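Visitor: I would like to learn how to read a model of this kind, feature by feature. Where should we begin?

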Amino acid sequence: MSRLSLAMLKSECLVIALAVGSLLATPTLSQDASDRTLLATFCDAGNIKGETCTHAKGYPGGGGHGCEVKLLGDRFGGKFVASGNPLLVVNYESGCESRANDDGGAVVFELVKGKYSFVGFQPGARVNECIVVPRGEKQDSLVCLTGHMGQGYLEGGVAQMSFTRDYGKGISITHDFLLTSTDSIGAYGANVVTCKKKPPKYFELSKLAAGPRKETVAFDATWADADVFKTACGKGFPRPKEVFGTLAKGDAYVPEGFEKKGRVIIDLATRKVLPPG
């Protein structure tokens with residue numbers, strides 16, 4: 001086979017793999033409605049421009065000033081309320097939200113008798129790195145990676161999104177954190193551990209996916225375990241080549257390359273994290 005033919009074959013296989021992966025990663029429910037159908041549940045027809053509503057009705061804190069809401073491609077469907085109707089959760093951007101809320105949030109729709117109805121905006125609850133995990137026949141879990149940068153610190157976490165039906169028809173979302181992380185390279189030039197705290201200390205989380213067993217999730221992580229703490233807080237690692245700022249008393253550097261790396265698993269039923277450090 002010629003190099004050209006081999007390259008074309010690899011390209012075709014990659015396209016097929018990406019298409020299959022996309023179908024597996026996105027629940028069927030999320031493909032059931034167009035942006036216009038969803039936007040029409042909280043936006044007048046004249047205010048719908050593509051995937052954007054220029055004046056979202058009932059936007060929290062909008063004060064009637066015409067908040068813009070743009071629906072993004074990240075959307076996840078499932079039975080997130082026990083014995084309830086299926087829900088569709090869609091990531092959105094809005095100029096009415098500050099950086100503290102990551103410039104947007106999630107909007108929730110409920111599927112009732114084949115039609116979607118709007119059941120609430122959740123500013124700050126971004127759902128751009130999530131997976132749906134079945135918890136049985138009557139309920140699903142929505143698990144997400146979270147991340148927020150502030151003053152050089154990248155705060156992250158693995159959170160199970162908790163859905164609660166309000167006394168009215170609305171549904172609210174809160175973060176139930178299963179694990180948190182802090183990357184301090186932007187603040188000090190290297191990651192840092194606080195010696196008086198117990199390991200493990202997680203620095204970075206990425207590539208969330210379904211775990212190897214029922215009701216588990218898996219993700220890549222870097223962290224400091226007991227051995228890393230012992231060295232950092234004892235004789236210390238080699239000083240990073242470039243550092244800035246001043247460490248707090250009792251803190252110690254963990255330069256890049258000295259942290260542990262691997263695939264971490266969380267059991268959603270027991271909340272157990274493996275490896276524990």
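Guide: Let us begin with burial: a residue is called buried when its relative accessible area is under 20%, exposed when that value is over 50%, and partly exposed in between. In this predicted model, 40% of the 277 residues of the protein count as buried.

Visitor: What is the mean pLDDT of the protein, and over which residues is the pLDDT below 50?

Guide: pLDDT expresses the predictor's confidence in each residue on a scale from 0 to 100. Here the mean is 87, and 86% of the residues reach 70 or more. Residues 1-31, however, have a pLDDT below 50, and this stretch makes 18 contacts in the model beyond its near neighbours in sequence. Where pLDDT is low, the predicted coordinates should not be read in detail.

Visitor: Which residues have the most contacts inside the largest nonpolar core?

Guide: A nonpolar core is built from buried residues of the nonpolar kinds that are joined through side-chain atoms within 4.5 Å. The largest one has 20 residues, and those with the most contacts inside it are Leu38, Phe42, Val69, Leu71, Val107, Phe109 and Phe121. At least two residues of this core are supplied by each of α2 (35-39), β3 (69-78), β4 (87-93), β5 (104-112) and β6 (115-123). There is also a second, separate core, with 18 residues, including Val133, Val158, Leu208 and Trp223.

Visitor: With which residues is leucine 71 in contact, leaving aside its neighbours within four places in sequence?

Guide: With those neighbours set aside, leucine 71 is in contact with Asp35, Leu38, Leu39, Glu51, Val90, Asn91, Tyr92 and Val107.

Visitor: Is threonine 216 buried or exposed, and what does it touch?

Guide: Threonine 216, which is placed in strand β13 (residues 216-224), has a relative accessible area of 2%, and it is therefore classed as buried. Apart from neighbours within four places in sequence, the residues in contact with threonine 216 are Ala210, Gly211, Ile265, Ile266 and Asp267.

Visitor: How should I read valine 192: is it buried or exposed?

Guide: Valine 192 belongs to strand β11 (residues 191-194), and because its relative accessibility is 6%, valine 192 counts as buried.

Visitor: What is the volume of the largest pocket, and which residues lie nearest its centre?

Guide: The largest pocket has a volume of about 480 Å³. Its lining consists of 24 residues, and Leu145, Thr146, Gly147, His148 and Glu155 lie nearest the centre. β8 (140-150), β9 (153-165), β10 (171-183) and β12 (201-210) each contribute at least two residues to this lining, with the largest share, five residues, coming from β10. Sorted by class, the lining comprises seven nonpolar, eleven polar and six charged residues.

Visitor: Which peptide bond is cis, and which residues have a positive phi although they are not glycine?

Guide: The bond from proline 199 to proline 200 is cis, with omega near 0°, and proline 200 is located in the loop between β11 and β12. Turning to phi, aspartate 103 has a positive value of about 60°, and arginine 271 has a positive value of about 65°. Aspartate 103 is placed in the loop between β4 and β5, and it is partly exposed, with a relative accessible area of 37%. Arginine 271 lies in the loop between β15 and β16 (273-274), and its relative accessible area of 40% makes it partly exposed.

Terms used
Residues are numbered from 1 along each chain as its sequence is written. This is a predicted model: local features need pLDDT of at least 70, side-chain atom pairs count only at pLDDT 80 or more; totals for chains, interfaces and linings use all residues. Side-chain values use heavy atoms; hydrogens and water are left out. Buried means under 20% relative accessible area, exposed over 50%, partly exposed in between (1.4 Å probe, protein chains only). Helices (H or I, at least four residues) and strands (E, at least two) are DSSP runs, numbered from the N terminus. Contact means heavy atoms within 4.5 Å. On a 1 Å grid over the protein atoms alone, a cavity is a set of points where a 1.4 Å probe fits but cannot get out, and a pocket is an open set with protein on both sides within 12 Å along at least five of seven lines; lining residues have an atom within 4 Å of a point. Grid points are joined across faces, edges and corners, and a volume is the space filled by probe spheres set on the points. Ala, Val, Leu, Ile, Met, Phe, Trp, Tyr, Cys and Pro count as nonpolar, Asp, Glu, Lys and Arg as charged, and the others, Gly among them, as polar.
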